[in-house]
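Reader: Hey, I'm new to this one. Can you walk me through a few spots?

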Amino acid sequence: MQPGFDYIGVNVVFICHDDEGNILMHLRSEACRDEHNTWDYGGGKVEFGETLEEAARREIREEYGCEVRHLTYLNTDTIFREHEGRASHWVVSVFVAHVDPRAVRIGSPEDIVEIGWHQPSSLPEPLHSGAARWLRDYRSEIDAAITKHIE
């Protein structure tokens, strides 16, 4: 049984930023479930018994090897899409996370080809469809959460 296909998948997405307002993004490898070679924020499945916040903090540690300074809940969205001819259904909670850029590293080399810090106005291309969607739909909320936690 596969989450998102055989039953509703529950994911968290996190938009990590530094003290300068830059956004951390990674290039997805061929080992990722979908949208290979696109730039994404980061995310993963919620594990049984975890809160959404716990899942976001764990996934950030796993993917980027760092702890979260501040975590701000942004929104929960429902994603219906098709992947390789199969309908999928995901419930995704999006967070904005302030992290120490000096502590960031690639923690999942099988899934992440490269990481980089980018200004929100000049993100790398091509963007993962979810990353593009959240930036388009929630840009002012993302900017407000980043500005709130810049030290």
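Reader: Where does Leu52 sit?
Author: Leu52 belongs to helix H1, which covers residues 52–64. Keep in mind that this is a predicted model.

Reader: Okay, and why does Leu52 count as partly exposed?
Author: Its relative accessibility is 32%. Partly exposed is the class between under 20% for buried and over 50% for exposed, so Leu52 lands there.

Reader: Which residues make the nonpolar surface patch?
Author: Leu52 makes it together with Ile8 and Val10. The patch comes to about 210 Å².

Reader: Switching over to H2, what span does that helix have?
Author: Helix H2, residues 129–149, spans only 26 Å between its end C-alpha atoms. A straight helix of 21 residues would span 30 Å at 1.5 Å a residue.

Reader: Is Tyr138 buried or exposed?
Author: Tyr138 is buried. Other buried residues in H2 include Trp134, Leu135, Ile142 and His149.

Reader: What do the buried residues of H2 pack against?
Author: Strands: S1 (9–17), S2 (23–28), S3 (39–40), S5 (68–83) and S6 (86–99).

Reader: You mentioned S5. What about Glu82, is it buried or exposed?
Author: Glu82 is found in strand S5, and it counts as exposed because its relative accessibility is 60%.

Reader: And how many residues separate Glu82 from Phe5 in sequence?
Author: They are 77 residues apart in sequence, yet 9.5 Å apart in space, C-alpha to C-alpha.

Note on methods. Residues are numbered from 1 along each chain as its sequence is written. This is a predicted model: local features need pLDDT of at least 70, side-chain atom pairs count only at pLDDT 80 or more; totals for chains, interfaces and linings use all residues. Side-chain values use heavy atoms; hydrogens and water are left out. Helices (H or I, at least four residues) and strands (E, at least two) are DSSP runs, numbered from the N terminus. The expected span of a helix is 1.5 Å times one less than its number of residues. Buried means under 20% relative accessible area, exposed over 50%, partly exposed in between (1.4 Å probe, protein chains only). Contact means heavy atoms within 4.5 Å. Patches are made of residues with over 30% relative accessible area and no salt bridge: like charges are joined within 9 Å, nonpolar side chains (Val, Leu, Ile, Met, Phe, Trp, Tyr) within 5 Å. Accessible areas come from the Shrake-Rupley method with a 1.4 Å probe; for residues, only the protein chains shown count as cover. A salt bridge is a side-chain nitrogen of Lys or Arg within 4 Å of a carboxyl oxygen of Asp or Glu.
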